[in-house]
Amino acid sequence: VLFAALALFSPEFVMRVYTDKPAIQEIGVQYLRMVGFAYPLQVYAMAMSSLLRTTDRVRIPLYGAIASVATNVVLNWLLIFGLPAMGIQGAALATVCAAAVNVLVILLLGKVQKHPYLFRVSKHFVWPKAFVAEYFHKCFPILMNEILIGVGNMVVNMVLGRQAEQAIAATAVFRTLEGLVIGFFAGFSNAASVLVGKCVGAGELD
């Protein structure tokens, strides 16, 4: 919600943080003003997907992701270059629609399969002190790792945003290829974590 608010209500500030190029700032502001609606949906889908994977319902988030990517690809083509061509705003709208499709597919399939915990939202926010203490004791190194990765990526983007426009364009192309590699290893590690989690949950610590 915080990042969505920044994107929707203060996109100029966000773009000034990341780049000093007025032309790029102008395009980025148009994109952020619309794509900000996708951020809460993406986080919600991520949380639901994690819950489903850890309860052995791995197909639901898979189907949601496939539907989301397909929606994004088709709508990017239609909205960026369509009639009328929306350009960067079309790309942002496609992202919002894809995020909404992901959430809807997960909720629909979760309802059809009668997932025992996904819709008990009130229980998601019941955190006894002992549980919270144990959680942070075990997860603090992981949380710090993720936070520092996020900060590191932000700093890298701030540096890249102040390079020549040709370098920024080249980085965008490279990151498409990088995303394929990261996607493979992220999927592999998520699958491994599900298998390890099942063993730990069953008491098979060795």
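Which side chain meets that of Arg33 in a salt bridge? The partner is Glu12, at 2.6 Å from N to O; a salt bridge here is a side-chain nitrogen of Lys or Arg within 4 Å of a carboxyl oxygen of Asp or Glu. Keep in mind that this is a predicted model, where local features need pLDDT of at least 70, side-chain atom pairs count only at pLDDT 80 or more, and totals for chains, interfaces and linings use all residues. Residues are numbered from 1 along each chain as its sequence is written, and side-chain values use heavy atoms, with hydrogens and water left out.

Back to the salt bridges: the whole structure holds 4 of them. Asp56 pairs with Lys198, their closest N and O atoms 3.5 Å apart. That pair ties together distant parts of the chain, 142 residues apart, with Asp56 in the loop between helix H4 (38-54) and helix H5 (59-81) and Lys198 in helix H8. Helices are DSSP runs (H or I, at least four residues), numbered from the N terminus. Another bridge joins Asp20 and Lys21, at 3.1 Å.

Now for helix packing. Helix H7 (residues 129-160) meets helix H8 (residues 165-201) at about 140 degrees, their axes 10 Å apart. Axes are lines fitted to C-alpha atoms over the stretch in contact, and angles run from 0 to 180 degrees between N-to-C directions. Val156, Asn157 and Leu160 of H7 touch Ile168, Thr171 and Arg175 of H8, where contact means heavy atoms within 4.5 Å.

Notes. Helices (H or I, at least four residues) and strands (E, at least two) are DSSP runs, numbered from the N terminus.
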